[in-house]
Amino acid sequence: MSVSTTQPTPSHAFAAEVLENGAKTYGGFAASRLLEEHPDTPDGFRAWRDHLRQRTLELAAAVGAGEPRLLLARIEWSRRAALARQENDDVQRLALVALRDVLREDLPDQARPVVEGVL
């Protein structure tokens with residue numbers, strides 16, 4: 001994940017809007033992929049859809065601000081929270097991979113490079 005600050009451009013604004021408007025859908029697609037590829041994943045579709053919807057909204061904020069660190073900070077906080085609850089944080093990594101893969105496939109061409117720069 002890139003962590004350098006970028007001056008937001010119209011492409012950043014477009015990508016952020018696409019992510020924000022599609023957050024529930026992208027989260028659902030990514031949750032489906034996660035559970036299909038890793039059926040032993042704890043919790044269920046709804047929990048992961050909601051989690052990945054939130055990650056997509058956080059990604060939208062980071063992209064729109066040109067601040068990848070915003071997303072990185074949220075991911076790190078979530079990882080620490082899981083470890084504090086004595087949960088395995090590997091599943092969160094797998095969930096982010098599923099979201100990344102869905103976005104690579106489904107984002108409009110104009111938004112993809114901007115988002116790839118953050119992921």
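Biologist: How are helix 1 and helix 2 oriented to each other?

Modeller: This is a predicted model, where local features need pLDDT of at least 70, side-chain atom pairs count only at pLDDT 80 or more, and totals for chains, interfaces and linings use all residues. Residues are numbered from 1 along each chain as its sequence is written, and side-chain values use heavy atoms, leaving out hydrogens and water. Helix 1 (residues 10–37) and helix 2 (residues 45–65) pack at about 155 degrees with axes 7 Å apart, where axes are lines fitted to C-alpha atoms, for helices over the stretch in contact, and angles run from 0 to 180 degrees between N-to-C directions. Angles over 145 degrees count as roughly antiparallel, so helix 1 and helix 2 are roughly antiparallel.

Biologist: And how does helix 1 lie to helix 4?

Modeller: The axes of helix 1 and helix 4 come within 8 Å and cross at roughly 120 degrees. Angles under 35 degrees count as roughly parallel, over 145 as roughly antiparallel, 65 to 115 as roughly perpendicular and the rest as oblique, so helix 1 is oblique to helix 4.

Biologist: Which residues lie nearest the centre of the largest pocket?

Modeller: A pocket is an open set of points on a 1 Å grid where a 1.4 Å probe fits, with protein on both sides within 12 Å along at least five of seven lines, and lining residues have an atom within 4 Å of a point. The largest pocket has 13 lining residues. Nearest its centre are Asp 43, Trp 48, Arg 85, Glu 87 and Gln 92.

Biologist: What is the volume of the largest pocket?

Modeller: Volume here is the space filled by probe spheres set on the points. For the largest pocket, that is about 250 Å³.

Terms used. Helices (H or I, at least four residues) and strands (E, at least two) are DSSP runs, numbered from the N terminus.
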